[in-house]
Structures are given as C-alpha cells and as structure tokens.
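This report goes through one protein model, part by part. Please keep the sequence and the structure in view while reading.

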Amino acid sequence: MTAPFLPDQSFTGKPLGHTLGHHSQRLEAPSMDGTRRKPISNEVVAAYSHCPRKAFLLHCTEERGTPHEYLEMLEECTNVSRSRYWALLRETSAPIRSYGDDAISSRINVLTEANLRAGDLEAYCDALTKVGTRRGRSNSAAYEPTIVVGTAGVQREQILRLSFAGYVLGQVQGTTAAVGNLVTAGGEHRRINLQPEYKTIKSIVAHIRDWSTDSSGQPPPVVLNKHCPYCPFKIACTRLAEAADNLSLLDRMTSTAMQRYHSRGIFTVAQLSYLFKPRRRRRCDRQRSHHFNLEIQALAIRSGKIYIQAPPEIQKSDIALFLDIEGVPDRQLS
Ligand code: SF4
C-alpha cells in the first residue's frame with residue numbers, strides 16, 4: 001500500500017538546512033575523532049564552487065551575512081516551481097511518499113523531500129525517482145535525484161548541488177546515481193550526467209573536511225570575484241579588501257593574475273601601480289585593439305586621475321540608436 005503524500009500538508013517550501021542567508025540550526029554529525037561538527041551540505045558545496053571563503057564562513061562559523069535581494073527572489077521562484085512540481089507529481093499515478101528512514105527499502109516509485117544523510121554529509125533533493133534495482137541485490141531499488149531550481153536556465157552551481165545529492169544518495173543506497181534531473185522555473189526537465197562531476201565533488205568535500213582538522217581556524221583569504229555582488233558576505237569582504245588594498249579590488253583581476261603578481265612580491269594596488277610604464281606607440285600599434293591594463297587601472301586609483309589608453313574612436317552616423325537594456329543574470333543579460 002502506498003504511504004500518504006505528505007508535502008500537501010507539511011511542505012514548507014524550504015528544505016531542511018537550506019535557509020538562505022539566515023542562521024540555520026543544523027544537526028551535527030560525529031567526526032572520525034569523536035567530536036561533533038556541522039554536516040557538509042549542498043549549500044556549502046555550492047558556495048565552494050563560487051568562493052572557498054564563502055563556503056568556509058557558512059560551514060565553520062555562525063555568520064550568515066546579509067542575503068541579497070536577487071537571491072531571495074530566486075528562492076521565492078524556486079518555491080513556486082517546487083509547488084508546481086509537487087502538484088504535477090500528485091497527478092501522476094505512480095506510487096509516491098515522503099522520504100524517511102525506511103524509504104529506500106520501501107521501493108516506492110517516487111520519494112519526495114529527501115534529506116539524505118551519510119556520515120558527515122547531508123544533501124537535500126526534492127524527489128528521488130526509482131530507476132531500477134541495485135547491482136547484485138535484485139530486491140533493492142536504485143534511485144536518482146531531482147532538484148527544482150528557480151532559474152530559467154541551468155547554472156554550474158545547480159549542477160554541483162545535484163551532483164552532491166547524487167554522491168550522498170550513492171552512499172545511502174549503495175550504488176552511484178549516474179544521472180540526475182534539474183527542473184527549471186519553466187518546468188523543463190534537464191537530464192544531467194553526474195558521473196563526470198563526482199571527481200569535483202570528492203575534491204570539494206576533501207577540502208571542506210580539511211578545515212575541520214586545521215587548527216589555525218583561519219578562513220581562506222579574500223579574493224573578490226564575480227559572485228561577490230550576490231554574496232551575503234559582500235560588505236565584510238569588501239571592507240577587508242579595501243583595508244588591505246587587495247589586488248582583487250581591481251576590475252578584471254583574476255586569481256591567476258593575482259598569483260603571478262604575488263610571485264613578484266606585488267600584493268597591493270598601490271604596489272601594482274608602480275609597475276605601469278608608458279610606452280611610445282608606433283603607428284601600427286594604433287590599428288591594434290588594446291588589452292585591458294591592470295597596472296594603469298591601479299595607477300589611476302592611486303593617483304586619482306583618469307588615464308586613457310587610446311583615444312576612443314566614435315563613428316558618427318546619420319541615424320542614432322539609443323538602447324537602454326536591463327537584464328536578469330540568469331538569462332545572461334546582466
Ligand atoms: S563576498 Fe566575495 S570574497 Fe567574500 S565570501 Fe563572498 S564571494 Fe567570497
């Protein structure tokens with residue numbers, strides 16, 4: 001007999017341990033040395049893909065920062081998509097029930113709201129779908145994970161969340177989930193091959209576990225990046241970066257470029273500004289496009305002056321078009 005489908009009455013729209021930007025009470029899993037520490041969650045793994053420092057702050061501290069409005073909006077979109085997805089599932093004739101301790105062995109076709117736990121790992125997925133039987137155990141079902149997202153397209157962070165859920169599911173059910181599903185805001189179902197992602201997931205999990213044994217307790221250094229505008233720790237990190245005159249304050253500074261300057265003993269914007277050497281331009285140089293120059297940018301900041309690498313060429317035409325475009329980052333219009 002099929003157990004009752006609970007989300008109708010009990011679903012809150014927020015998976016366990018998945019609150020955005022707010023302090024969340026988490027269960028603590030026992031570690032190898034017997035001490036208790038926070039489980040590694042989808043949220044932390046996804047944060048690591050953007051910035052190791054963000055993952056550290058979420059995993060190793062109680063800080064939650066200030067949630068960005070755009071991410072709060074995405075969270076609301078996810079809840080709407082999730083409700084729609086639950087409704088569609090209820091309309092199918094497949095047996096369905098909420099995930100619980102004995103859920104995997106129940107062999108029910110669809111398990112919803114799955115908070116999977118394996119050792120110090122904790123992953124949430126919106127549904128587990130039965131796809132067959134486990135190798136070598138003809139009576140046991142094998143499932144694959146599904147996650148609902150609030151965006152129109154699929155982002156790298158979401159693939160990692162899903163892959164982490166597949167990784168934890170593999171440990172719970174004893175066989176790896178080869179494929180997972182992402183359901184977009186438009187209701188599109190995308191099949192994702194998880195196998196190539198597991199190497200990345202293992203590497204991220206190993207790095208996060210290292211923090212638990214690192215006695216220094218220091219977070220990774222601030223390296224401002226393209227995720228910072230949406231990050232809840234933006235204000236604190238920007239203050240730290242400004243106080244240290246950090247190289248990542250420069251637009252288009254990459255971690256590779258930063259490492260290159262560090263190896264030359266350049267750690268601040270002021271130091272970098274002294275590397276700029278103006279050169280006489282030859283006639284043929286004027287034809288070429290100019291690369292963005294970090295050193296002249298640093299000089300402009302230190303001296304408070306505006307420098308022009310090359311005079312802009314404005315082509316005049318009888319017809320002038322003025323475009324004012326606003327966009328949504330998710331749709332590659334930002
Ligand atoms: S604000 Fe930027 S540097 Fe700081 S934790 Fe967030 S993503 Fe990392």
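Leaving aside its neighbours within four places in sequence, which residues is Ala165 in contact with?

## Overview

The model is a predicted one. Its secondary structure comes to 12 helices and nine strands. The protein has 334 residues, and 28% of them are buried. Among contacts with a separation of 6 or more, 59% are between residues 24 or more positions apart.

## The largest nonpolar core

The largest nonpolar core has 51 residues, and the members that touch the most others in it are Val45 and Ala165. Helix H6, residues 156-173, gives eight residues to this core, the largest share. Domain 1 (7-213) and domain 2 (228-279 + 291-303) both contribute residues, so the core lies between the two domains.

The opening question can now be answered. With neighbours within four places in sequence left aside, Ala165 is in contact with Asn42, Leu116, Ala123, Cys125, Pro145, Ile147 and Gly180. There is also a second, separate core, made of seven residues, and Met253, Leu294, Ala298 and Leu299 are among them.

## Val172 in helix H6

Val172 also has its place in helix H6. Val172 has 17 other C-beta atoms within 10 Å, so Val172 is partly exposed.

Leaving aside neighbours within four places in sequence, the contacts of Val172 are Ile104, Leu116 and Ala118. Val172 and Ala118 are 54 residues apart along the chain, while their C-alpha atoms are separated by 6.1 Å.

## Covered and open elements

Helix H2 covers residues 42-50, and eight of its nine residues are buried. These buried residues are Asn42, Glu43, Val44, Val45, Ala46, Ala47, Tyr48 and Ser49.

Helix H9 (residues 255-263) is hardly covered, as the count of buried residues among its nine residues is zero. Just after helix H9 comes Gly265, which takes a positive phi of about 80 degrees.

Strand S8 (residues 179-183) pairs with strand S9 in the antiparallel sense, over five bridges. Val179 has Asn193 in S9 as its bridge partner, and Leu182 stands opposite Arg190 in S9. Five residues lie between the strands of this hairpin, in which Gly187 takes a positive phi near 85 degrees.

Why does strand S9 lie largely in the open? Of the five residues of S9 (residues 189-193), the number buried is zero, so the strand lies largely in the open.

## Around the ligand

The shell around the ligand has 14 residues, of which Cys51, Lys54, Cys228, Cys231 and Cys237 come nearest. By class, the shell has eight nonpolar, three polar and three charged residues.

Helix H3 (52-60) and helix H8 (234-243) each supply at least two residues of this shell.

Conventions. Residues are numbered from 1 along each chain as its sequence is written. This is a predicted model: local features need pLDDT of at least 70, side-chain atom pairs count only at pLDDT 80 or more; totals for chains, interfaces and linings use all residues. A residue is near a molecule or strand if its C-beta atom, placed from the backbone, lies within 6 Å of it. Helices (H or I, at least four residues) and strands (E, at least two) are DSSP runs, numbered from the N terminus. Ala, Val, Leu, Ile, Met, Phe, Trp, Tyr, Cys and Pro count as nonpolar, Asp, Glu, Lys and Arg as charged, and the others, Gly among them, as polar. A nonpolar core is a set of buried Ala, Val, Leu, Ile, Met, Phe, Trp, Tyr and Cys residues joined through C-beta atoms within 7 Å. A residue is buried if 20 or more other C-beta atoms lie within 10 Å of its own, exposed if 12 or fewer, and partly exposed in between; C-beta atoms are placed from the backbone. Domain bounds come from an automatic or database domain assignment. Two residues are in contact if their C-beta atoms, placed from the backbone, lie within 7 Å. Two strands pair if DSSP finds at least two bridges between them.
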